Amino acid sequence: MAHVTGDWNPLGEVFYRKFEIYTMEGHWKQKISEFPKSKIAAAPFGGPIALMKDNRASDSGVLARKPDIFIFSSSGKPIAFFKWDSGQLLNFGWSSTEDLLCVQQDGTVLIYDIFGKFHHRFSMGQVARDNEVIDSQIFYNPTSGTSGVAVLTGNYKFYVVSNVKNPQSKKMADVMGLLSPPSCWTVISKDRDTFIMLAKDRSIYVVDPGFSQEQALEDTNGACIEMALSFDHQRMALFTDKGDIHVYTSDLQRKLCEFSTNSQMRPKQLVWCGNGAVVAYWENLLLVIGMKKNWIKYPSLSEAHLAPEMDGLRVIQSDVQELLQEVPVNVANIFKVASMASGALLYEASREFQKKSQKADEYIRLIHDDLPNAVNQCLEAAGEEWEPNTQKSLLRAASFGRCFLTNSNPNSFVTMCHTLRVLNAVRDFTIGIPLTSTQLKRLTVGVLIDRLIRRRQWELAMNISNYLKQPESESRILTHWACFQVEQKRKSDDQIAASIKSKLGDAPSISYSEIAKKASEISRNELAVKLLDYEPRASEQVPLLLTMENTEAALKKSIESGDTDLIHTVLITLLKNMNNQKFLLMLTQYPVAQNLYLQYCRQEKPASIEDIYYQNDNFQELAACNIRSSYQQKAMEKKIDLLKSAQENFTRARNEFAAKATEEQRKLLDCQQQIEEKHNLPFVGLSVHDTAHKLIVSNLPKLAESIRKDFRIPDRRFWFLKIDALGSKGDWMEIEKFSRSKKSPIGYEPFVHVCLKHEKPFEAKKYLGKVSPEKKAKVHMLLGMYNEAADFAFQQKNEDDLNQILRVCSGNKDLVAKIQNMKAQLSRR
C-alpha cells in the first residue's frame with residue numbers, strides 16, 4: 001500500500017499526487033534540446049503536442065522567421081513535421097477535435113490536421129487584417145465542446161470566433177481608455193455566451209459584443225498581471241504585481257481564496273489543476289495552491305510546460321511527462337492511512353483472503369451491511385488508477401466482495417473491466433493518449449475511436465469497436481483506412497481497388513462512394529470509377545459520376561437501377577452541361593432514358609419534343625407535334641404553315657390517310673378565312689359540319705352547298721345537318737320546302753324530331769303522313785297521339801310498341817283495354 005500513497009501530498013482535506021505517465025521518446029528530447037526556447041501547445045484529453053522554435057523579434061510578438069513545426073504524441077513519439085510556408089505566424093493551439101489552429105498576424109487562421117495536412121482557413125475579419133493582430137488566444141467551450149479563436153488587433157479591439165467549425169467573426173465592445181495592450185486577458189465561454197476578461201493596471205474589464213464593464217474587486221491590492229480560467233470556466237485566478245493570487249468565481253461576484261506567494265515575479269504559467277487548485281510555475285518551481293490557502297511545492301529540474309485537463313494537469317518536460325491531479329475520493333478512502341471506509345476494509349479482506357488468512361472473514365463481517373458500497377468504491381478506484389497491478393488488485397477486491405452479495409448485477413463490474421482495458425490500450429507508449437476514466441466518460445468511447453481513426457490507428461480502433469460491441473464504428477474505421485489507401489501514390493489504381501475490395505468486401509455499412517469521392521478529390525478518377533463499381537446503391541454512384549463528368553456511365557448506372565427519379569436527375573444535369581444536339585444523339589442509344597425525357601418534355605418543355613422526333617426520324621410523331629402547335633397559333637399563316645409541315649411529315653411516314661386529312665384541314669382553313677373576310681363572321685376553327693351548319697343558319701345556303709361538294713359531305717349527313725340548322729333559325733317554311741325537294745334519304749322521322757325539339761308539334765304533324773309505316777307508331781307517341789299509335793302498332797303487328805304505349809298510358813282504362821285486346825288478337829295469330 002506504501003507504493004500507492006508514496007507520491008501523495010496533502011492539500012487541506014484532500015491529497016494531490018504527481019506521477020510519471022511517460023518517459024519521453026528520444027526524438028522529443030532531441031528537439032527540446034535543439035530548441036531550448038520553444039513554443040509548446042498540448043491538446044486537452046491527452047491530445048498531441050505541437051512544438052515550434054520560439055525565435056521572436058524583440059519588438060513584436062510574431063516569429064522572426066518561418067519556423068519548423070513538429071507534432072508529437074503525448075509520449076513524445078513523432079507524428080508529423082511541416083515547415084511553415086504562409087504568413088507571419090503569431091500563435092498556435094489545438095481545437096477540441098485535435099485540429100491545429102495557426103493564427104497569423106494578418107488575422108487569418110489556418111487549420112491543419114494531426115499529421116500537419118492543411119485543411120482550410122478563415123479570417124477574423126477585414127478590420128483585423130487592416131490593423132494586424134498583436135495577440136490571440138484559442139479557447140474551449142466546456143458546455144458545447146467547441147473551440148474558438150479570439151484576437152487583439154493593433155488598434156486594441158477584440159474580435160472573437162466562437163466556433164471554428166462555423167467561423168463568424170464578432171467584434172467585442174470597445175474598452176474605454178484602452179490605448180495599450182492589456183497586462184493579461186482571457187476568454188470565458190459558457191453555453192452560447194462568449195466574453196473577454198482583461199486587466200489594465202488595477203482595473204478588470206468584462207467585455208462582450210454589447211458592452212464593456214469595469215468590474216470592482218474587493219480586497220485586491222496591486223495590478224493584475226496574470227489570470228487563469230478553470231477548465232469548466234467557473235473559477236478565475238488572478239496574479240497581482242504584489243505576488244498575491246486571488247481566486248474568484250468567473251463572474252467575479254464571489255471571492256473564494258487569497259494567497260500570497262511572496263514573489264512579485266510573474267510566473268511563466270498560471271493554470272488550474274482540474275477545478276480545485278491553482279498551479280503557478282516559475283523556473284525550477286511548481287506551486288500548487290488549494291482553496292483554503294494550503295499549498296504544495298514541487299521542484300522542477302528542467303523546463304516544463306503545463307497542459308490543463310478537466311481532472312488534472314499534465315506536466316510536460318524534456319525527459320518525462322507527469323500527471324498532477326487530486327487523488328480521487330474513492331482511491332483516497334481505500335488507500336489513505338488508517339482508513340475505515342468500507343472499500344478499504346474490503347480491499348484488506350481481499351488481500352488477507354489471498355494470504356489464506358481468517359482475517360478476511362472478520363473484515364467482511366465488519367462491512368456486511370455496506371458491502372454493495374464497498375464493491376462500488378473498489379470498482380471506481382480501479383478506474384482511477386494508472387498502474388495495471390493496482391487496477392487488478394482493486395478489481396480482485398470488488399470481485400471478492402460480489403461473492404457475498406445476492407442478486408448482484410455484474411454489469412458495472414464488466415463495464416469497468418472493459419473501460420480499463422480500453423484505457424490501458426490507448427495509454428500505451430506506442431499510442432500515447434493518457435486518458436483518465438473521468439476524461440473518457442466526458443469524451444465518450446465513440447469520440448475516442450474517432451481520434452484513433454484520425455491517428456491512423458485503425459487496428460486498435462477496430463479492436464476496441466469489436467470489444468465494446470459497437471458495430472456502428474466499423475464502417476467509419478474501414479472507410480477512413482480505405483481513404484488513406486487511396487492517397488498512396490506508389491500503388492496503381494488496380495492494386496488499391498483490389499486491396500480495398502478484399503478488405504471491405506460487401507459489408508452493407510460500407511460506402512464505397514465516399515471512398516471514391518476521396519479518390520476523385522485527389523484527381524484519381526479512374527480509381528474512383530473502379531471503386532464505384534463496388535457500390536451497390538446507384539443513388540450513391542450516380543451523383544459522384546456526374547461530379548466527375550463521367551456522364552455516360554452515370555446514365556447507364558441510373559438506367560440499370562430502374563429509379564426513374566435518378567434517371568431524371570441525370571438527364572437534367574446532362575441537359576444543362578451538354579450541347580443539345582449531342583445530348584439528343586446520346587439519348588438515341590438509351591430508349592428508356594429517351595422515353596422518360598419525352599415525358600419530361602411534354603410537361604416542362606413541349607418545344608423540345610420536336611427536336612427528339614426529328615433526331616429519331618419519327619415523322620409520325622413530328623407531324624402530330626406540328627398539328628398540336630398549329631392549334632396553339634393565333635396567326636392564320638403560321639397555322640397553315642404548320643399544317644403543311646404536318647402533311648409533309650405524314651407523307652414521309654407513309655400515312656396517306658393522315659396526310660389527306662391534314663390537306664383537307666388546310667383547305668377548310670383557307671375556305672373559312674375567305675368567308676370571314678367576305679362576310680365578317682367567325683368561322684376559323686370550326687369543323688366541316690359546324691361550318692356548313694353555321695352557313696345555313698347565317699342565310700348562306702349556296703356557300704353551305706359549296707362546302708358540301710368540296711368536302712364531299714354525304715347526302716344523309718347533309719340532310720340531317722340542314723334540317724337541324726333550319727330548325728335552329730325557325731325557318732319552317734324552308735324545312736317544308738326542303739322536304740318536298742326530293743325524296744328524303746333519311747326519311748321523315750328526323751323532321752318530326754326537329755319540330756318537336758323546338759316545340760312545334762303543329763309543324764311536326766305535317767310530316768306524319770310521310771313517315772314510314774313501321775315508325776308511325778313511335779312518332780305518334782312522341783306527339784301524344786296514343787290511340788293512333790296503338791292502331792299503327794297493331795297494323796304492324798309490333799307487340800313491343802304496344803307494350804311501350806301500355807306502360808305510358810296505364811291510367812287510361814279504355815286505352816289499356818283496347819291494347820290488351822289487340823295483344824290478345826296478335827297472340828292468337
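Modeller: A residue is called buried under 20% relative accessible area, exposed over 50% and partly exposed in between, with a 1.4 Å probe and protein chains only. The structure above is a predicted model, in which local features need pLDDT of at least 70 and side-chain atom pairs count only at pLDDT 80 or more, whereas totals for chains, interfaces and linings use all residues. Residues are numbered from 1 along each chain as its sequence is written, and side-chain values use heavy atoms, with hydrogens and water left out.

Colleague: Why is Trp458 called buried?

Modeller: Its relative accessibility is 14%. This value falls under the limit for buried residues, so Trp458 counts as buried.

Colleague: What makes Trp458 and Phe484 an aromatic pair, and why is the pair called tilted?

Modeller: Rings of Phe, Tyr and Trp (its six-membered ring) pair if their centres lie within 6.5 Å; planes under 30 degrees apart are stacked, over 60 edge-to-face, and the rest tilted. Here the centres are 5.1 Å apart and the planes stand at 45°, so the two rings form a pair and the pair is tilted. Trp458 belongs to helix α12 (residues 458-467) and Phe484 to helix α13, so the pair links distant parts of the chain, 26 residues apart. Helices here are DSSP runs of H or I with at least four residues, strands are runs of E with at least two, and both are numbered from the N terminus.

Colleague: How many aromatic pairs does this rule give?

Modeller: The count is 21 aromatic pairs. Ring pairs also join Trp719, Phe738, Tyr748, Phe751 and Tyr767 into a cluster.

Colleague: How do you know that Arg456 lies over the face of Phe115?

Modeller: The rule asks for NZ of Lys or CZ of Arg within 6 Å of the ring centre and within 35 degrees of the ring normal. Arg456 lies over the face of Phe115 at 3.7 Å from the ring centre. Arg708 is likewise placed over the face of Phe718, at 5.5 Å from the ring centre.

Colleague: Helix α13 was named above; what does this helix give to the second largest pocket?

Modeller: Helix α13 supplies six residues, the largest share of the lining. A pocket is an open set of points on a 1 Å grid over the protein atoms alone, where a 1.4 Å probe fits, with protein on both sides within 12 Å along at least five of seven lines; lining residues have an atom within 4 Å of a point. The second largest pocket is lined by 24 residues, and His119, Arg454, His480, Cys483 and Lys518 lie nearest its centre. The elements giving two or more residues to this lining are α11 (445-454), α13 (472-486) and α15 (512-521). The pocket holds about 790 Å³ of space.

Colleague: What holds the side chain of Ser75 in polar contact?

Modeller: A polar contact is a pair of N or O atoms within 3.5 Å; within protein, one must be able to donate a hydrogen and the other to accept it, and residues adjacent in sequence count only if both atoms are side-chain atoms. The side chains of Ser75 and Ser73 are joined by such a contact at 2.9 Å, and the side chain of Ser75 reaches the backbone oxygen of Phe429 at 2.8 Å. Ser75 lies in the loop between β5 (68-72) and β6 (78-83). With a relative accessible area of 0%, Ser75 is buried.

Colleague: Is Asn262 buried or exposed?

Modeller: Asn262 has a relative accessibility of 72%, so this residue counts as exposed. Asn262 lies in the loop between β22 (255-260) and β23 (269-273). Its phi is near 60°, a positive value in a residue other than glycine.

Colleague: Why is Asn680 called exposed?

Modeller: Its relative accessible area is 69%, so Asn680 is exposed. Asn680 lies in the loop between α25 (656-679) and α26 (688-697), and has a positive phi of about 55° although it is not a glycine.

Definitions and conventions: Grid points are joined across faces, edges and corners, and a volume is the space filled by probe spheres set on the points.
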